[in-house]
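User: Could you take a close look at one part of this model for me, and then show how it sits beside the rest?

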Amino acid sequence: MVNKIAEILIEHGAIEFGEFTLASGAKSSYYIDIKTACTKPALLSQIGEAISEKFEFDVVAGVAVGAVPIAVAASLSSGRPFCIIRKEEKEYGLSGNIIGDVRGKNVLLVEDVTTSGGSVIYGINSLKDAGANIDTVVCVVDREQGAEKRLAVEGVTLKPLASVSELLSK
């Protein structure tokens, strides 16, 4: 079976080879750049459609900045609301770190790339603290380096649209 998302990510240059330092500090011989690739409307709309067709949710959420376009694309494709999770809580205005209504809702958290799962844990905890029900995280690409196991400990299932092994086998 051909993974359509993996193919379009490659077409849009979402994987680069060289020497890279990841957010975790780990070194890698390849970099998956979903943030830049998602600036292309054709790719972003296909990612949004894939999420809205495969998953059930009341609200789709993304941690700023990288996951926000993905959440918006899934929202537009599904007709369901989205929310933004700020990386830091705002102390003024309405305050808080969640923009949007998630209390009592089934929320699907989206992410561009998962490695160890560390950055997604913040989003999961923020949503739970705001009263959301969350049991699934969808990432565009899973680097297959422990995120699935780490999220399982939190009672959350990781569902990648594509895996790094699929990208590297193309």
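Is Asn 3 buried or exposed in this model, and what is its relative accessibility?

Analyst: Happy to walk you through it. This is a predicted model, in which local features need pLDDT of at least 70 and side-chain atom pairs count only at pLDDT 80 or more, while totals for chains, interfaces and linings use all residues. Residues are numbered from 1 along each chain as its sequence is written, and side-chain values use heavy atoms, with hydrogens and water left out.

Asn 3 counts as buried, because its relative accessibility is 13% (buried is under 20% relative accessible area, exposed is over 50% and partly exposed is in between, with a 1.4 Å probe and protein chains only). Asn 3 belongs to the segment before helix H1 (4-11); helices (H or I, at least four residues) and strands (E, at least two) are DSSP runs, numbered from the N terminus. The side chain of Asn 3 has a polar atom 2.9 Å from the backbone nitrogen of Ile 5. A polar atom of the Asn 3 side chain also lies 2.8 Å from the backbone oxygen of Leu 161.

Leaving aside residues up to four places away in sequence, Glu 111 touches Ala 67, Ile 70, Ser 119, Val 120, Val 138, Cys 139 and Val 140, where contact means heavy atoms within 4.5 Å.

One of those neighbours, Ile 70, is among the buried residues of helix H4 (residues 68-78), together with Val 68, Ala 71, Ala 73, Ala 74 and Ser 75. After H4 comes Gly 79, with a positive phi near 80°.

Arg 86 is found in strand S4 (residues 82-90) and is partly exposed, with a relative accessible area of 21%.

Definitions and conventions:
A polar contact is a pair of N or O atoms within 3.5 Å; within protein, one must be able to donate a hydrogen and the other to accept it, and residues adjacent in sequence count only if both atoms are side-chain atoms.
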